[in-house]
Amino acid sequence: MKTVKRRNFLKIFASIGIFGTMAGQTAYALVKSFFPKARYEPPQRFKVGSAYQFTDGPNFLAKHRIFVIKEGNKFHALSSVCTHLGCNVTFNKLAKTKNVTVRGKEIEEKWEFNCACHGSKFYGDGTPYTGPAPTPLPAYEVSVSAVDRKLIVDKNIVVDSGQRFTV
Amino acid sequence: MGVWNRLSDKIVSGWDAAASLQKSDAIDRIFWIHFIPTDNDVTRESYSIRYSLYLGTIVAVIFTILCATGFMQMMRYVPSVERAYWSVKDLQFIYPFGWFIRDLHRISAYLMIVFVVLHLCRTFYTGAFKKGGRKKTNGWINWMTGILLLVLTLAMAFTGYVLPWDQVGFWGATIGTNIIKSIPVIGDWLRYFVLGGNELGQNFLIRIYAVHVLLLPLLTVLFISYHFWRNRKDGGMACEDNLPVDTAQGTESGQTVSGLQKDEALKRTPMFLKRLIWVSLATTAFAILLTLFVSLPLNAPANPVMAENPAKAPWFLLWLQELVASTTISVGQYRINGGFVGGMVIPGLLLTWLALVPFFDNSPPEATGVWFHRSRLRQNILFTIILLAIICLIFFTYFCRGPNWVFFWPWEVWPEVH
Ligand code: FES
């Protein structure tokens with residue numbers, strides 16, 4: 001077996017240390033420079049308007065790519081971004097209501113969501129039933145502003161699709 | 001640093017620095033002449049159109065056209081989300097002959113894909129990556145370089161069609177970047193890295209632009225040069241391998257490797273040059289003719305909330321689109337996104353298989369540089385099946401997918417949507 005002298009070992013150790021650190025710093029700075037510190041995009045938490053401005057059923061908000069869904073005085077928000085590969089789903093009013101069993105629960109639905117890109121279809125609560133979409137459309141938290149009583153949707157907080165916000 | 005030395009030796013194997021200096025013909029050291037064989041080790045067989053079909057040359061010529069037309073477009077295109085589409089429209093309608101530049105660029109891009117694939121087929125069916133009877137040949141290096149060039153070609157095509165920021169480009173980019181997102185664990189981070197944000201916007205467009213006009217072409221030029229040079233250092237086309245070679249590279253006796261007299265062999269260079277010129281002219285003429293007769297209309301401007309229905313990718317990606325649309329699978333309670341299976345795993349496996357082919361090929365040396373050699377029958381059949389499957393998928397998706405990605409026969413009329 002070849003033995004390494006202490007001096008050589010230290011030399012190798014030191015040069016790996018020095019050059020390694022330099023390379024590491026460069027790589028870190030290089031990667032980091034691709035992430036802007038501010039984004040000129042719509043915010044993740046935003047006001048969507050007063051409750052009375054919405055019509056019953058899904059209301060599509062193009063800027064934020066969500067549906068704000070009104071059922072009487074109950075509200076919830078669903079993402080309109082297909083969970084397959086990110087196309088925009090459209091809602092489809094059903095001519096007559098349909099009873100479906102979703103995750104063991106029987107629900108009555110008045111609309112469904114369709115994705116044009118590869119034909120995924122979602123039940124009214126966002127659960128996919130045909131096509132390649134792997135997961136349900138996420139539901140986001142809805143709250144109300146204490147200042148001007150406008151509804152607020154927070155895309156950072158995903159909630160259960162059964163949750164409703166009552167005004 | 002033994003590993004480093006061994007690796008760099010491998011990369012330039014076949015090149016002898018001392019011998020290169022000593023070479024009596026000065027022209028041999030000139031770059032261009034380096035690509036065109038003037039050495040005495042070229043046989044008539046390796047010029048033969050019947051053997052190589054000059055597909056690699058054709059690709060190089062098309063790439064040159066792409067560089068020229070691309071440069072012309074750079075002076076008119078504005079890589080900004082608001083103006084990109086309109087600057088392309090200006091190019092098409094306002095600048096005299098702008099349509100010609102743009103269409104020639106697009107047609108050439110399509111042709112480049114076609115000819116790169118044909119070149120791959122030629123190399124595969126002739127077993128040109130094999131070592132054959134030669135000692136100092138590393139055909140597999142060039143084979144791998146070729147696969148890299150195939151990937152680069154597709155990457156250039158993909159980034160190129162995002163740039164006009166029209167419906168096809170925008171939704172293609174959406175789907176493409178979401179395929180990145182579907183990679184487990186690092187997907188979200190990687191997409192954010194590529195986009196420079198959460199949404200497709202200015203950051204993404206300008207990145208794609210820089211990659212398309214500088215990084216990818218530069219890499220392509222580098223690897224094409226290496227591809228040529230390697231071919232020369234491997235002793236030219238693989239087809240010579242089947243000739244009886246007694247004198248290894250030695251030209252002292254006035255005999256060349258191919259067994260010809262030195263002077264006789266040297267006279268060949270003009271012949272090769274002539275062929276190169278003919279192939280270049282014919283390729284250019286073909287691309288221009290196609291441009292004049294095939295019109296490629298511009299799409300509608302990008303609409304970030306409404307994709308076209310059906311939203312189809314350009315033809316060379318249609319097979320992937322069909323795969324991502326139908327390979328979502330469930331493993332136990334987990335659902336794996338088809339974007340990952342069809343967009344990453346399957347193409348990745350195909351490329352890996354291609355790259356490893358030279359190492360698992362155990363056909364005899366006589367099969368080197370011979371079209372459809374009997375001993376390689378099984379490989380050839382497998383290759384053909386995969387190729388046909390991809391082509392069939394492309395045709396299927398092109399003709400049989402209608403609104404909402406529903407199956408239609410090509411002669412059926414699509415229902416109204418939206
Ligand atoms: S993006 Fe919706 S089905 Fe593929």
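This is a predicted model: local features need pLDDT of at least 70, side-chain atom pairs count only at pLDDT 80 or more; totals for chains, interfaces and linings use all residues.
Modeller: Residues are numbered from 1 along each chain as its sequence is written, chains are lettered from A and ligands numbered from 1 in the order in which they are written, and side-chain values use heavy atoms, with hydrogens and water left out.

Colleague: How many helices and strands does chain B have?

Modeller: Helices (H or I, at least four residues) and strands (E, at least two) are DSSP runs, numbered from the N terminus. On that count, the secondary structure of chain B is 17 helices and two strands.

Colleague: What share of the residues of chain B is buried?

Modeller: Buried means under 20% relative accessible area, exposed over 50%, and partly exposed in between, with a 1.4 Å probe and protein chains only. Chain B has 418 residues, and the share that counts as buried is 47%.

Colleague: Which helix of chain B gives the most to the side that touches chain A?

Modeller: Contact means heavy atoms within 4.5 Å, and 30 residues of chain B are in contact with 26 residues of chain A. Across this interface there are 12 residue pairs in polar contact, both residues at pLDDT 80 or more; a polar contact is a pair of N or O atoms within 3.5 Å, where within protein one must be able to donate a hydrogen and the other to accept it, and residues adjacent in sequence count only if both atoms are side-chain atoms. The elements that give two or more residues to the chain B side are helix 10 (167-181), helix 11 (187-195), helix 12 (202-233), helix 15 (318-326) and helix 16 (338-360) of chain B. With five residues, the one that gives the most is helix 10 of chain B.

Colleague: Why is helix 15 of chain B described as largely enclosed, and which helices do its buried residues pack against?

Modeller: Eight of the nine residues of helix 15 of chain B are buried, so the helix is largely enclosed by the rest of the structure. Among the buried ones are B:Leu318, B:Trp319 and B:Glu322. The buried residues of helix 15 pack against helix 10, helix 16 and helix 17 (377-400) of chain B.

Colleague: Is B:His105 buried or exposed, and which side chain does its own side chain join in a polar contact?

Modeller: B:His105 lies in helix 8 (residues 98-125) of chain B. Its relative accessible area is 17%, so B:His105 is buried. Leaving aside neighbours within four places in sequence, B:His105 is in contact with residues including B:Leu66 and B:His212. At 2.8 Å, the polar contact joins the side chain of B:His105 to that of B:Thr69.

Colleague: In chain A, which residue of strand 6 is the bridge partner of A:Phe91?

Modeller: Two strands pair if DSSP finds at least two bridges between them. Strand 5 (residues 89-102) and strand 6 (residues 105-115) of chain A run antiparallel and are joined by 10 bridges. They form a hairpin with two residues between them, and A:Arg103 in the turn has a positive phi of about 45°. In strand 6 of chain A, the bridge partner of A:Phe91 is A:Phe113.

Colleague: What is the distance from the side chain of A:Ser79 to the backbone nitrogen of A:Val81?

Modeller: A:Ser79 lies in strand 4 (residues 74-79) of chain A. With a relative accessible area of 4%, A:Ser79 is buried. The side chain of A:Ser79 reaches the backbone nitrogen of A:Val81 at 3.0 Å.

Colleague: How many residues apart are A:Asp148 and A:Lys47?

Modeller: The side chains of A:Asp148 and A:Lys47 meet in a salt bridge (3.2 Å, N to O); a salt bridge is a side-chain nitrogen of Lys or Arg within 4 Å of a carboxyl oxygen of Asp or Glu. The pair links distant parts of the chain, with A:Asp148 in the loop between strand 9 (139-144) and strand 10 (150-159) of chain A, A:Lys47 in strand 1 (residues 45-50) of chain A, and a separation of 101 residues.
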